[in-house]
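Please keep the model open while reading.

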Amino acid sequence: MIETASTRRRELLDRYLRSLPFEPYVFQRDALEAWYASGEDLLVTSPTGTGKTLIAEGALFEALHGGRTAYYTTPLIALTEQKFREMQAAAKSWGFPGDSVGLVTGNRQVNPDAPVRVVVAEILLNRLLRPGNFDFDRVAVVVKDEFHTFRDPERGIVWELSLSLLPRHVRLLLLSATVGRPESFTNWLRKSHGRRMQLLQGRERRVPLTYQWVDDLLLEELLVELVRGGKEGRRSPCLVFCFNRRECWSVAERLKGRPLVDGNRKRKLAARLRDLDLSDGAGPILRQLLLRGVGIHHAGVLPKYRRVVERLFQRRLLPVVICTETLSAGINLPARSVVLTSLVKGPPRQKRILDATIAHQIFGRAGRPRWDRRGFVLALAPEEEVKLLRRKRRLEAIPARTRKSAFRQARKSLARKMRSRRRGRPSWDRSQFRRLVAARPAALASRGPLPWRYLAYLLKRSPQVDEVRTMVGKRLLSVRAVQSAQRALDDMLLTLWRGGYVTLDPEPPPENEISTDYRPVLAQATFRLDRLLAFRGINPLYGDFLGGMLPKGSRSERIQALESVLELSGAVARAVPVPESRRLDPGPLETTCLDPELARPGRAGGSESTLRQDLIEAGPGPTLAAKLRLVFDGRLPQVTQLKVRPVWAAGDLLELGGNFNRFVHSRGLVRQEGILFRHMLRLALLCGEFAALPNWDAACGCDLEEVALALRRSCRRIDPESTDRFLERSGDFPVAELQRNANHQGGGRRSSRVRGE
């Protein structure tokens with residue numbers, strides 16, 4: 001009998017199934033059969049809890065036994081690290097060494113050249129854009145977990161571009177719980193990219209969900225009810241979802257004194273916490289909450305404290321964890337119940353009903369396979385409505401025609417309170433909850449513009465504009481939206497030409513004669529285009545602009561400039577404004593460069609100009625960040641998708657000798673310290689990017705390296721493990737390569753001037 005490829009795959013599938021410690025679900029077996037039976041791509045959509053990870057492991061099992069390379073991608077660093085640990089354990093169970101699985105997140109790398117590489121989505125795209133550095137000939141499969149991120153307005157383009165750039169021989173396994181109209185996506189993939197993709201849809205959860213609208217209990221009362229009962233009767237552990245970090249803490253405070261844990265569990269919690277250092281920042285507050293059975297998990301909590309919460313919850317010692325929606329994106333905190341404190345989210349005056357896709361991601365966290373027979377999703381009515389309902393019941397309980405004056409007074413008081421519903425407060429009701437439960441996830445569609453950095457990569461690969469135009473034309477958009485995207489591409493190319501990053505053929509007509517009919521054919525990269533590839537976390541055009549400005553400034557000005565481009569949430573940013581002393585005492589960058597340019601006739605920012613409101617804070621004058629933005633806008637006004645916000649967080653920390661605890665306490669930001677911790681580490685990385693610019697000012701580079709070192713030291717004193725993980729560079733950022741290219745192409749001629757000046 002001649003062994004064929006199909007029989008070999010069948011034998012390999014049988015081996016994989018025999019390696020499992022349990023019988024797979026029918027849906028899992030069907031998906032594995034579909035993957036091994038053909039060489040086509042596969043899209044798997046099924047509710048959370050149906051074991052899609054086991055299907056992914058089957059694809060990696062095949063790659064390892066075939067001596068091929070595989071990528072496993074996710075949208076989040078935390079989720080990537082979790083999957084890395086899971087895949088390592090799986091590889092060991094198959095008889096492969098642990099180092100056959102590697103991790104690359106952009107901030108951390110472990111075994112980066114391993115056969116199986118668990119990476120964040122941006123890493124895969126970076127490697128596809130640099131085929132000379134990374135060989136995909138031996139790559140057999142790319143698994144894309146949480147694939148609904150494709151439609152994310154900010155990051156979806158990363159997933160989309162990697163789909164279009166993957167060599168045809170690489171098989172795709174796409175996994176998601178929330179994809180609407182998946183047939184239209186597979187049809188688009190076949191028509192636009194020539195990929196034949198099988199579709200396997202699972203609609204039934206292994207652990208069914210019960211949905212409940214709660215209109216007669218306040219949150220703290222509901223949670224007490226959920227933790228009551230025996231092992232089978234109680235509905236905890238539960239995840240309580242809030243839609244802002246401040247609310248998480250306020251909810252936790254309301255639970256103080258509530259009977260959420262018994263004496264035995266309280267002793268176990270105390271024993272676990274005894275050996276942990278929870279003395280910094282929010283640690284003492286968190287310790288008291290944990291002893292009462294309540295954990296908090298959101299970006300404002302230090303990473304080391306989030307890990308404590310995760311471990312205690314996974315060991316079923318915490319009955320309640322209060323979290324934000326980021327926890328719904330696949331991070332493994334298995335719960336029996338999820339509680340939604342609200343069905344609306346957004347800024348105070350712009351709150352909207354929860355998106356159905358986000359809602360279903362949250363719903364999917366309820367019910368733990370192999371632990372629960374049923375999961376529970378509970379949505380709370382607005383607190384004001386609960387109180388009104390109670391008053392109504394009390395009113396109905398008082399006789400309408402009573403002669404007792406006390407009863408009559410009580411009826412009048414209750415009737416008055418029934419009419420005192422406050423206007424303008426966001427509200428939601430049972431019908432909206434029902435609609436969310438019944439709603440289908442949104443269909444996949446292309447979202448967001450082409451990023452500047454990726455356009456620079458594409459033009460470095462080939463100056464043929466038609467190649468980029470073809471890629472834009474293949475996006476999953478309506479005909480009108482594709483036309484708009486093509487015009488946007490032409491505008492971007494003209495902006496690069498104005499900045500001196502490319503030469504265009506045919507050459508554009510004079511500025512005042514450029515029409516919508518102009519279409520460049522070639523966009524030849526100049527030596528300046530390499531600079532756009534050097535910036536990973538900020539707008540590269542603005543990064544190059546700052547690269548010409550920072551050597552002219554003082555250390556204080558450099559810190560102000562770099563902090564302003566690292567986006568901080570509004571509540572945190574408002575707590576760390578640039579102090580007046582920094583405005584009243586301008587440095588050399590302002591006095592010798594920015595102020596003279598802003599004062600020139602006809603320049604943005606002259607005496608007749610009006611500063612944008614988001615760049616002005618209360619004080620005697622515009623900040624350095626505002627002035628930098630105005631000068632940049634005067635040079636390249638077409639760059640509109642750029643966020644700059646003046647803050648003084650790292651500067652304040654360094655002025656306090658790097659004492660992070662003292663800094664967060666002085667600013668009243670103890671409960672947002674995780675946000676600031678990450679801000680400092682991001683700034684340290686950004687300082688490193690600027691210090692490594694080719695042929696850059698040596699003194700300025702050394703100064704930024706000193707700032708980065710001071711920030712790293714400060715963060716290491718607070719959370720050494722997270723700091724070291726964050727700052728381990730992946731090697732995917734081609735600094736040395738860019739330096740070589742810049743030197744070869746005349747990179748020593750650094751200039752901040754642009755065409756037309």
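Which residue caps the N-terminal end of helix 9? In this predicted model, the cap is N244, which places a side-chain oxygen 3.2 Å from the backbone nitrogen of R246.

Within helix 9, which spans residues 245–254, the buried residues are C248, W249, V251 and A252. Viewed down the helix axis, these buried residues fall within an arc of 160 degrees, so they line one face of helix 9. An α-helix has 3.6 residues a turn, so residues three or four places apart point the same way.

## Helices 13 and 16

The axes of helix 13 (residues 356–363) and helix 16 (residues 430–438) come within 9 Å of one another and cross at roughly 80 degrees, which means that helix 13 is roughly perpendicular to helix 16. On the side of helix 13, the contact involves A356, A359, H360 and F363, and these meet F433, L436 and V437 of helix 16. By residue class, the contact of helix 13 with helix 16 divides into six nonpolar residues, one polar residue and no charged residue.

S714 is found in helix 30, which covers residues 698–718, and it counts as buried because its relative accessibility is 1%, where the cut-off for burial is under 20%. The side chain of S714 reaches the backbone oxygen of G658 at 2.7 Å; once neighbours within four places in sequence are left aside, S714 is in contact with L653, G658 and F660.

R117 belongs to strand 5 (residues 116–120) and is likewise buried, with a relative accessible area of 13%. Although R117 and A70 are 47 residues apart in sequence, their C-alpha atoms are 6.3 Å apart in space. Leaving aside neighbours within four places in sequence, the contacts of R117 are T69, A70, Y71, Y72, G102, P112 and R127, and with one of these, Y71, the side chain of R117 makes a side-chain to side-chain polar contact at 3.1 Å.

## The chain as a whole

The secondary structure of the chain comes to 32 helices and 18 strands, and of its 757 residues 54% are buried. Among contacts with a separation of 6 or more, 76% are accounted for by residues 24 or more positions apart.

Methods
Residues are numbered from 1 along each chain as its sequence is written. This is a predicted model: local features need pLDDT of at least 70, side-chain atom pairs count only at pLDDT 80 or more; totals for chains, interfaces and linings use all residues. Side-chain values use heavy atoms; hydrogens and water are left out. Axes are lines fitted to C-alpha atoms, for helices over the stretch in contact, and angles run from 0 to 180 degrees between N-to-C directions. Helices (H or I, at least four residues) and strands (E, at least two) are DSSP runs, numbered from the N terminus. Angles under 35 degrees count as roughly parallel, over 145 as roughly antiparallel, 65 to 115 as roughly perpendicular and the rest as oblique. Contact means heavy atoms within 4.5 Å. Ala, Val, Leu, Ile, Met, Phe, Trp, Tyr, Cys and Pro count as nonpolar, Asp, Glu, Lys and Arg as charged, and the others, Gly among them, as polar. Buried means under 20% relative accessible area, exposed over 50%, partly exposed in between (1.4 Å probe, protein chains only). A polar contact is a pair of N or O atoms within 3.5 Å; within protein, one must be able to donate a hydrogen and the other to accept it, and residues adjacent in sequence count only if both atoms are side-chain atoms. The arc is that of the directions from the helix axis to the C-beta atoms.
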